[in-house]
Amino acid sequence: MVNLIVRRLLVSLPLVFIVSILTFVLLALTPGDPAIAILGPDAPPSSLAHLREQLGLQDPLYTRYWDWLTGAVHGDLGVSLFTGQQVTAALTQRLPVTLSLILGATLLTTTIGVGLGVLASLRHGASGRAIDVLSLLGLAIPNYWLALGLVAIFAVSWRLLPATGYVPLTESPGGWARTLALPVTVLAVAGISVLAKQTRNAMLDVLSSDFIMTLRARGVPERSIIFKHGLRNAAIPVVTIMGLQVVAMLSGTVIVESVFALPGLGNLAVQGTLQHDIPVVQGAAVCFTLIVILVNLLVDLAYGWLNPKARSA
Amino acid sequence: MTAGADTIIESVTSLEPPMQEPGFIRRLARRPLAVGSLAFLAIVALAAVLAPLVAPYAPNSLDLLHVLQGPSWAHPLGTDNLGRDMLSRVIYGGRVTLVGTAIGVGVALVVGVSAGLAAGYTGGRSDWIVTRLADMALAIPAIMILLVVLSVFGRDETIAMVSFGLIISPVVMRVIRGATLTVRDELFVDAARVSGLTGPQVIVRHILPRISGVVIVQASLLAASAVLVETGLGFLGLGVPPPTATWGGLVATASTYVQVQPWLLVPSGLIVALTVLAFGLLGDAVRDAATENWLGGPTQPHARPSLRTELHAPAPRTKEASEAHLLSVEDLVVAFPGPRRVVDGVSFDVKPGETLGLVGESGCGKSMTALALLRLLPGGGSVESGHCWLAGRDLIELSDADSRRVRGSEIGLVSQNAIASLDPVFTVGSQLGELVRLQQPHASRAEVRRRVLGLLEMVRLQNPAKLVQRYPHELSGGMAQRVAIAAALVGQPQLLIADEPTTALDVTVQAEILALLRSLQRQTRMAILLITHDWGIVADMCERAVVMYAGQVVEVASVDDLFHQPLHPYAEGLLLSNPRLGRARRHLAAIPGSVPPPEGWPAGCRFHPRCKYATAECQLTRIPLLEDPSGRLSRCIHSDRLRTKVLAG
């Protein structure tokens with residue numbers, strides 16, 4: 001167990017380096033003066049000089065990266081070029097919003113996706129095709145469009161839920177749930193469609209296996225066959241798919257937080273990109289990567305817990 | 001970019017490699033969804049190219065008197081906040097998105113396909129690197145890399161889409177590598193190599209054409225994600241800046257006026273959704289069209305055997321007459337859709353406490369007969385007619401709930417692959433415990449545990465207390481089969497169906513399992529229906545044997561009689577070809593050919609094409625199973641010729 005965690009982290013750590021070093025390499029690759037590229041050709045020379053110093057452009061690439069890295073290890077990811085706020089502070093302030101979104105969407109995706117998949121695996125024909133159509137639609141409908149559609153219906157026409165904004169959980173649990181309801185739904189739709197299809201396929205695979213036939217031959221009731229033996233075995237491939245879905249949701253937060261004006265990491269990254277606020281975007285990218293590594297670790301642990309063969313290997 | 005885009009990329013990675021085959025275009029053209037998608041994409045692309053000719057207005061011509069209007073004759077898709085015609089903006093916006101998509105897909109394909117081909121063809125170290133790279137690419141959210149790139153270079157559509165192509169190219173690499181690996185070792189590639197072509201020549205002339213189907217599927221699915229990414233960036237304001245019309249930008253504008261004119265959302269988003277859908281459907285259709293042939297296509301219709309009424313010389317079993325037996329099977333017919341009869345009028349009895357062998361090559365219908373008894377025929381199979389009386393009750397007519405109870409307590413099953421017959425994710429103890437609780441619903445934990453340990457001792461497993469904590473994959477084949485036998489005995493059945501119970505085991509373990517079955521039978525007085533193709537096991541275990549061929553019973557006799565003087569040529573052939581049977585060592589006469597599939601059963605005697613005694617008569621009529629004065633049954637009109645021979649003794 002500890003072994004698995006250590007091994008996994010050793011493999012994932014290079015990812016953090018790759019993502020963090022990218023900014024420095026790109027800056028070095030920018031033709032001409034990056035400061036002009038960022039601030040525009042009309043910027044006053046004093047701001048340009050200030051920016052060059054902030055970005056450390058006078059130092060060689062490896063010195064700059066080393067400085068950033070030593071800072072990062074101590075929790076210092078630099079300062080926003082625009083607000084002057086510590087990047088670490090900005091990230092920690094916004095992390096709860098994104099995590100709330102991800103957790104909510106994960107819960108929704110798992111319950112509905114797995115539920116639909118199991119249902120489809122038990123009924124052949126029409127409902128199987130319905131899942132195929134649903135999964136295609138779930139993938140084809142752009143999430144920003146779905147978000148706006150839901151806003152138009154639930155917030156504008158029916159005035160049931162707020163269109164934008166965020167209320168922290170600590171302030172008002174009801175408000176928190178109401179502000180998250182639509183964004184969580186939007187994030188979950190693609191995941192649900194994928195998970196439903198994969199769960200159905202996994203269930204059909206398991207239900208046609210030898211041991212299920214043998215269990216039936218031993219008089220085990222259908223309820224136990226499907227929900228205990230079938231689902232438990234189907235969960236092994238499904239948990240891997242779920243991990244990929246959570247990573248996809250993380251990408252989705254970038255759009256969803258922008259549409260619903262949620263003060264999360266994705267929104268921060270988009271604002272940072274629009275303003276060329278390189279330290280902020282870089283910090284957000286590293287933070288996203290860490291979340292992905294954490295998700296993959298959790299998937300590995302869940303996989304090992306579900307699959308005794310992986311546990312003993 | 002969007003969650004959808006990432007999931008499409010994932011589904012791309014799980015593709016089986018379809019290969020392009022002749023007739024592929026024709027098969028694709030038969031799929032309405034594929035044709036429809038292609039037509040839609042062609043119209044969108046043509047409209048974008050010919051925009052100045054087909055668009056009713058210039059994309060940026062303002063009309064401030066008619067802003068935010070719904071659909072009308074003058075503006076079929078309405079107007080935006082500056083009174084610009086939405087239809088024209090959608091048409092012009094296609095230019096931006098399609099060019100961006102083409103850049104992204106092009107980069108991903110050029111990098112991904114060439115690296116995938118190289119890795120798959122050369123293998124080894126470069127192969128390892130590509131695989132790791134692809135793993136990493138999946139672990140980093142592509143959107144963050146795009147944002148990092150854009151934050152440095154500023155909004156630049158070309159750079160964004162080139163980066164997107166690069167970021168997902170390892171995924172393409174992995175799929176192409178997989179396809180290349182499967183083609184690499186095919187004969188014609190070897191031949192090309194031997195004929196002196198260089199590696200790149202072999203790749204371009206022989207491998208690339210073979211995997212072009214995979215490449216098309218990839219391109220199509222990549223295009224779907226690229227459209228989502230391109231429009232997503234446009235929506236966030238990171239794409240081509242206004243006033244240029246872009247699909248993502250149109251949605252962004254619509255979002256600003258969602259309170260005033262929600263209609264704007266419809267044309268702007270629908271065009272994106274339909275385009276993504278068309279690319280996705282096209283990719284699916286290409287894959288299906290390519291794999292259709294890959295999998296051999298729909299099965300050819302075969303000539304059906306003539307089904308004439310069967311003569312039954314032996315007295316048919318009735319419910320009353322069956323009471324002397326534990327199990328009486330009468331004229332059982334099992335069919336699958338097609339229609340294919342896999343069991344065709346099978347009848348036999350099992351007496352209480354006896355061991356009856358059900359013998360024949362695989363594909364003769366032995367296992368299907370057993371599954372019909374258990375009412376567990378696999379998908380689509382059903383009992384067309386016949387009876388199976390177990391202790392006076394017809395198993396075929398039981399309700400589902402009753403037949404489940406019969407399976408739990410009156411019939412036990414031990415199957416061939418013991419490890420596969422146990423649920424891999426539960427321990428031995430938990431699996432046996434569940435079965436015990438089915439029989440004794442009110443038993444306490446301690447009672448269940450005692451019973452489980454007792455069962456494991458009964459099948460003579462060492463150290464049961466430790467064994468209950470093990471998982472199936474931690475057991476040897478012999479141990480797993482003992483656990484499976486214990487599981488079959490939980491309900492103390494009167495009849496144990498053992499379907500090739502030792503085929504997967506070593507010879508020494510086989511002997512132990514057979515000895516265990518014999519001693520359990522002595523203890524419990526249960527009958528065993530032993531399905532096997534091994535005469536050694538029949539000789540060891542059975543009193544009587546039923547020989548099956550092509551869905552029919554061809555001979556029934558006591559094991560002594562059968563080994564001494566088989567009365568059906570198939571039984572004789574099987575006996576003579578069994579190397580383990582010391583008595584038949586004079587010559588190893590294999591039966592030529594193999595059991596035909598149900599579609600291919602010949603008219604007349606089903607065995608005649610493989611039979612050395614066959615005459616013209618054998619092909620003419622269906623041969624009945626006939627009983628001789630001593631009570632032996634044979635389905636052969638030449639059984640008198642066999643009566644003159646003695647195999648052994």
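I take helices to be DSSP runs of H or I with at least four residues, and strands to be E runs of at least two, both numbered from the N terminus. The model I am reading is a predicted one.

**Entry: chain A**

With that rule I read chain A along its sequence and noted the pattern α-α-α-α-α-α-α-α-α-α-α-α-α. The tally for chain A is 13 helices and zero strands. I also looked up the extent of the C-alpha trace of chain A, which spans about 80 × 55 × 40 Å along its principal axes.

**Entry: chain B, domains**

I looked up the domain assignment of chain B and found domain 1 at 24-295 and domain 2 at 417-492. I then checked the separation of these domains of chain B: the C-alpha centres of domain 1 and domain 2 are 55 Å apart.

**Entry: chain B, sheet**

I traced an open sheet of eight strands in chain B, with mixed pairing. I wrote down its strand order as β6-β7-β8-β3-β9-β10-β12-β11. At the edges I found β6 (411-414) and β11 (626-627) of chain B, each of which pairs on one side only.

I then followed one pairing inside the sheet. Strand β3 (residues 355-359) of chain B runs parallel to strand β8 (residues 527-532) of chain B, and five bridges join them. For a residue-level check I took Val359(B), which stands opposite Thr532(B) in β8(B).

**Entry: interface of A and B**

I turned next to where the chains meet. The contact list has 68 residues of chain A against 71 residues of chain B. For the area, I noted that chain A and chain B bury about 6300 Å² between them, and that 74% of it is on carbon and sulfur atoms.

For polar terms I looked up residue pairs in polar contact across the interface of chain A and chain B, and the rule finds 13, with both residues at pLDDT 80 or more. The salt-bridge rule finds one across this interface. I located a salt bridge between Lys228(A) and Glu434(B), with the closest N and O atoms 3.2 Å apart.

I then asked which element gives the most to the side of chain A that touches chain B. I found helix α10 (residues 222-259) of chain A, with 17 residues. Sorting the residues on that side of chain A by type, I recorded 44 nonpolar, 17 polar and seven charged.

Terms used. Residues numbered from 1 in each chain as written. Chains lettered and ligands numbered in written order. Predicted model: local features only at pLDDT ≥ 70, side-chain atom pairs only at ≥ 80, totals over all residues. Heavy atoms only, no water. Domains from an automatic or database assignment. Contact = heavy atoms within 4.5 Å. Buried area = accessible area lost by both parts, 1.4 Å probe. Salt bridge = Lys/Arg side-chain N within 4 Å of Asp/Glu carboxyl O. Polar contact = N/O pair within 3.5 Å; in protein donor to acceptor, adjacent residues only side chain to side chain. Nonpolar A, V, L, I, M, F, W, Y, C, P; charged D, E, K, R; others polar. Pairing = 2+ DSSP bridges.
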